[in-house]
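Thanks, everyone. Let me put the structure up, and then I'll go through a few local features.

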Amino acid sequence: MTQDWNSLFDVNIWLAAFAQIIFSLSIGQAIIYTYVTYLSEETRLIDNVFMVVLANSIYELFVGLGIFSILGYMSVTSSIPMTELISEGTSLIFVALPEIFEVMGPIGRIVAPLLFLSVLFAGFTSSLALYEPLLLSVCDKLNWSRRKGVTVLAVIACCGSLLFSTGISSYLVEIVDTLSMNLES
């Protein structure tokens, strides 16, 4: 397997990377703007933003190197090209990574639950972060108390999430994933 170092000079790759950074920082999703309204006047906003961007970028670089190292290892050991190794969607986290954890032996049995637990917490925190701007908007628009807004939106969210626990959940995830990716670009 040979590397194509000229890809580093492809503008489209860098634009996709910057789009991922903007997406992961939640800029444009009203999340960051909602949380800023809760800060006090004495908050050093520029310092906080710099630390969040720096920590996020370092984390994404670390994860990217780790994931592509794993995929490269799997590609070399199985003699399957990396482009054919996994498909889009959830196959990376639920197919490829468990295979690597199996190869790791006893350490993999410790790392795997930690990874999946962190994915669970990431899902919860992301859901709450997306929930807050909607809650603030609904409460302001309809003159509801925070308690009433939380209750109504939580019931709606629970009913909607029940769809994802049915037999068609993988198809729904694929549809929502496709729609959200097309809205992003």
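First, a definition: helices (H or I, at least four residues) and strands (E, at least two) are DSSP runs, numbered from the N terminus. This is a predicted model, where local features need pLDDT of at least 70, side-chain atom pairs count only at pLDDT 80 or more, and totals for chains, interfaces and linings use all residues. Residues are numbered from 1 along each chain as its sequence is written, and side-chain values use heavy atoms, with hydrogens and water left out.

Now the nonpolar surface patch. Helices α2 and α3 (45-78) each supply at least two of its residues. The patch is made by I32, Y33, V36, L39, L45, V49 and V53, and covers about 540 Å². Patch residues have over 30% relative accessible area and no salt bridge; nonpolar side chains (Val, Leu, Ile, Met, Phe, Trp, Tyr) are joined within 5 Å, like charges within 9 Å. A salt bridge means a side-chain nitrogen of Lys or Arg within 4 Å of a carboxyl oxygen of Asp or Glu. Areas are Shrake-Rupley, 1.4 Å probe, with only the protein chains shown as cover for residues.

V36 sits in α2. V36 is partly exposed, at 35% relative accessibility. Buried is under 20%, exposed over 50%, partly exposed in between (1.4 Å probe, protein chains only).

Next, Y35. Helix α2 spans residues 31-36 and includes Y35. At 36%, Y35 is partly exposed. What does Y35 touch? L128, A129 and E132, leaving aside residues up to four places away in sequence. Contact means heavy atoms within 4.5 Å. Y35 and A129 are 94 residues apart in sequence, yet 8.8 Å apart in space, C-alpha to C-alpha.
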